[in-house]
Amino acid sequence: MSWNDIDIHAPREEQLAKATVLADDYMRNGGYPETIKARAITKSYLSALFDSILLKDVAKRHNVRNTTDLYNLATYLLSNFCNPISSNELAVELGLSSVATTKKFCDYLAEPYLFFYLPRFNNKLKLMKKISAIPISHFFDKWRAYIC
């Protein structure tokens with residue numbers, strides 16, 4: 001908050017109101033430096049950044065021939081975040097060539113920290129091992145919700 005002349009150690013009342021507005025803006029739009037000063041470009045900039053990471057980084061690093069499938073998987077995971085996922089269901093739903101390809105693509109998307117996958121939780125260890133094959137997809141930063 002210091003970049004906006006707000007002293008968080010001894011804030012005045014008007015600074016508290018401004019800090020609340022800034023915190024709300026950060027939670028809604030993210031904190032990428034390029035988008036803080038120009039909120040009008042947030043959606044287009046972040047969408048271009050996502051495409052760049054996905055196509056220029058992930059696809060090139062792993063020599064992915066069918067980038068359309070990779071892109072479709074990524075956008076599907078974005079639009080269905082925090083839901084349980086299964087490689088079999090993803091392969092059928094998206095028409096991917098195989099379950100192995102789906103698993104590889106999911107691993108590729110986790111490498112640059114676009115997504116991470118959490119095992120489902122249960123208090124019973126036996127059930128934790130049984131349902132751990134069905135992870136839940138999450139993604140870093142709220143801004144990725146803009147892309148869908």
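**Labels and the values behind them**

Mentor: To start with, the accessible surface of the chain is about 9,700 Å², and carbon and sulfur atoms hold 56% of it. Keep in mind that this is a predicted model.

Trainee: Okay, and which elements does the chain have, in what order?
Mentor: There are 7 helices and 2 strands. Reading from the N terminus, you get α-α-α-α-α-α-β-α-β. Buried residues make up 29% of the 148 residues.

Trainee: What makes the largest nonpolar core a core?
Mentor: The label needs buried residues of nonpolar kinds, joined through side-chain atoms within 4.5 Å. Here that set has 18 residues, and Leu54, Leu70, Leu73, Leu77, Leu109 and Phe115 have the most contacts inside it. Helix H3 (42–61), helix H4 (67–79) and helix H6 (99–110) each supply at least two residues of this core. The largest share, 5 residues, comes from H4. As background, nonpolar side chains in soluble globular proteins tend to be buried together.

Trainee: How do you know that Asp69 has no salt bridge?
Mentor: Look for the nearest side chain of opposite charge: that's Arg65, 9.9 Å away. A salt bridge has to be within 4 Å, so Arg65 doesn't qualify as a partner for Asp69. And Asp69, which is found in helix H4, is buried.

Trainee: Then why is the link between Asp69 and Asn66 called a polar contact?
Mentor: The cut-off for a pair of N or O atoms is 3.5 Å. The side chains of Asp69 and Asn66 are joined at 2.7 Å, so the pair passes. Setting aside neighbours within four places in sequence, Asp69 is also in contact with Leu96 and Phe105.

Trainee: Where is Tyr113, and is it buried or exposed?
Mentor: Tyr113 is in the loop between H6 and strand S1 (115–118). Its relative accessible area is 59%, and the cut-off is over 50%, so Tyr113 is exposed. Tyr113 also has a positive phi, about 65 degrees, although it is not a glycine.

Terms used:
Residues numbered from 1 in each chain as written. Predicted model: local features only at pLDDT ≥ 70, side-chain atom pairs only at ≥ 80, totals over all residues. Heavy atoms only, no water. Helix = DSSP H or I, 4+ residues; strand = E, 2+ residues; numbered from the N terminus. Buried < 20%, exposed > 50% of the residue type's maximum accessible area, 1.4 Å probe, protein only. Areas by Shrake-Rupley, 256 points an atom, 1.4 Å probe, with all protein chains shown as cover. Lys, Arg positive; Asp, Glu negative; His and termini not counted. Polar contact = N/O pair within 3.5 Å; in protein donor to acceptor, adjacent residues only side chain to side chain. Contact = heavy atoms within 4.5 Å.
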